[in-house]
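Trainee: I would like to go through this structure by question and answer. Please show it first.

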Amino acid sequence: MATILFVTIDAGGNTPPMLSIAGVLKARGHRILVLGHPHQRGRIEQAGFEFRGFGMTRPWNRTGRTSSARVMSDFVFAATSKELAQDFLDLAREESVDLTVVDCMLVSVVKAAATLRAPSAVLFHTFYAYWNGPWARGPVARLAQLRGVNARAIWKTADLELVTSDRVLDPAGDVASPRRIWTGITEPVAEPGGAASPVPVGRPKILVSLSTTWFPGQVDAYRRIVAALAGLPVDVTVTTGGMATSQELAPPPNVTVVPFADHEALLPTVALVVCHGGHSTTMKAVAAGVPVLVIPMHPLMDQPMVGAAIQDAGLGLTVKKSASPARIREAIASLLGNPRFRAAAMDAADRQRAAGGPVVGADALLRLLDARESSAV
């Protein structure tokens, strides 16, 4: 049995891929430790893993309404913090870990992991093209570099780069190598041998979700979506993640607004997902064989790239955050009225079931561990 340490932060969609892969490793008898923000304890322990919290005192809350400057400052801290890196080193040495898996945003921790004898992997939880492109050229990475933390160079110090996405959809999918592996989607998919969700019968149902992470203008975007859905012959569930209330959105009779809902339970019943293009939410829809309307909430995130990939693959459409209710309504009508979107989504779901994302990720990590043990003999 190996002791495997995952290091993460509370950034929304970065958590599900880690939990999926860690679950496969635990099922195979390995001990899983997770180091993260203290308030992540409940979710991690509920998933069945041991948890340790960073000793940091800096407040971290990605669900509250705040400023863009504060968000950027938080992620620069996460990328460059010597305190987080030291917490990691202390725990790794104390527990004699055999393998470390570090979220790519924790660049200073990736650097620290390379100093240990145990092998290390970096987990990229959305398109590699985003991390190696817009993110690496963006303000967080540039500010980190001014502090001596070069993400691209430091990622290369890890023994493995694990991209928990669909290589076909990722614009950088052609740069795979033995050291850089695409797992396929790690979100839950139908059991092998099953079928993707059939087209729901009766009055179409729609799921709307614009992230549990706050973005400027998010409430107004919800309002325009709700206005677009008013009067359509559809039933809609809007999950706001606490970013907006039913009173703020004033939903019509065919729209139900709730803070949270079980997306995995809803997806087999819906004909369309309207979302912000966050990788986790979008890929859950793809894995379920459901077309997607992407409305990106922030130009510096992966959302525009994810939306473009969805549209280019025929899995859905994308419209601007500022789109009018009429434009959103037009896109919804196109997606519901053209069966080719559903057919393409179901083909993509079949591909994901065949890929076996979490198992591929676990296998790659265990090969890394076996290779290190063999070289030590």
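Trainee: In which hand does α9 pass α14, right-handed or left-handed?

Mentor: This is a predicted model. The axes of α9 and α14 come within 8 Å and cross at roughly 60°. For this pair of helices, the crossing is right-handed.

Trainee: Which residues of α14 do residues of α9 meet?

Mentor: Two packed helices are described by the angle between their axes and the distance between the axes. On the α9 side they are Arg224, Ile225, Ala227, Ala228 and Leu229, and on the α14 side Pro325, Ile328, Arg329 and Ile332.

Trainee: What distance apart are the end C-alpha atoms of α9, and what span should its residues give?

Mentor: Helix α9 has twelve residues, 218-229.

Trainee: What covers the buried residues of α9?

Mentor: The buried residues of α9 are Gln218, Val219, Ala221, Tyr222, Ile225, Val226, Ala228 and Leu229. Their cover includes the strands β8, β9, β10 and β11, and the helices α10 and α14.

Trainee: Is Leucine 336 buried, partly exposed or exposed?

Mentor: Leucine 336 is found in helix α14. Leaving out residues up to four places away in sequence, it touches Pro204, Ile206, Val234, Ala271 and Leu272. Buried means under 20% relative accessible area and exposed over 50%. Leucine 336 has 33%, so it is partly exposed.

Trainee: Which strands are at the edges of the open sheet of seven strands?

Mentor: The order is β3-β2-β1-β4-β5-β6-β7, with parallel pairing. An edge strand pairs on one side only, and the two edge strands are β3 and β7.

Trainee: Which residue in β7 stands opposite glutamate 161?

Mentor: Strand β6 covers residues 160-163 and pairs with β7 in the parallel sense over three bridges. Opposite glutamate 161 stands arginine 180.

Trainee: What angle does the direction of helix α1 make with that of β1?

Mentor: Helix α1, residues 15-27, packs on the sheet and touches β1, β2, β5 and β6. Its direction and that of β1 make about 175°.

Notes:
Residues numbered from 1 in each chain as written. Predicted model: local features only at pLDDT ≥ 70, side-chain atom pairs only at ≥ 80, totals over all residues. Heavy atoms only, no water. Helix = DSSP H or I, 4+ residues; strand = E, 2+ residues; numbered from the N terminus. Expected span 1.5 Å × (residues − 1). Buried < 20%, exposed > 50% of the residue type's maximum accessible area, 1.4 Å probe, protein only. Contact = heavy atoms within 4.5 Å. Pairing = 2+ DSSP bridges. Axes fitted to C-alpha atoms, helices over the stretch in contact; angles between N-to-C directions. Left-handed = near helix turned anticlockwise from the far one by under 90°.
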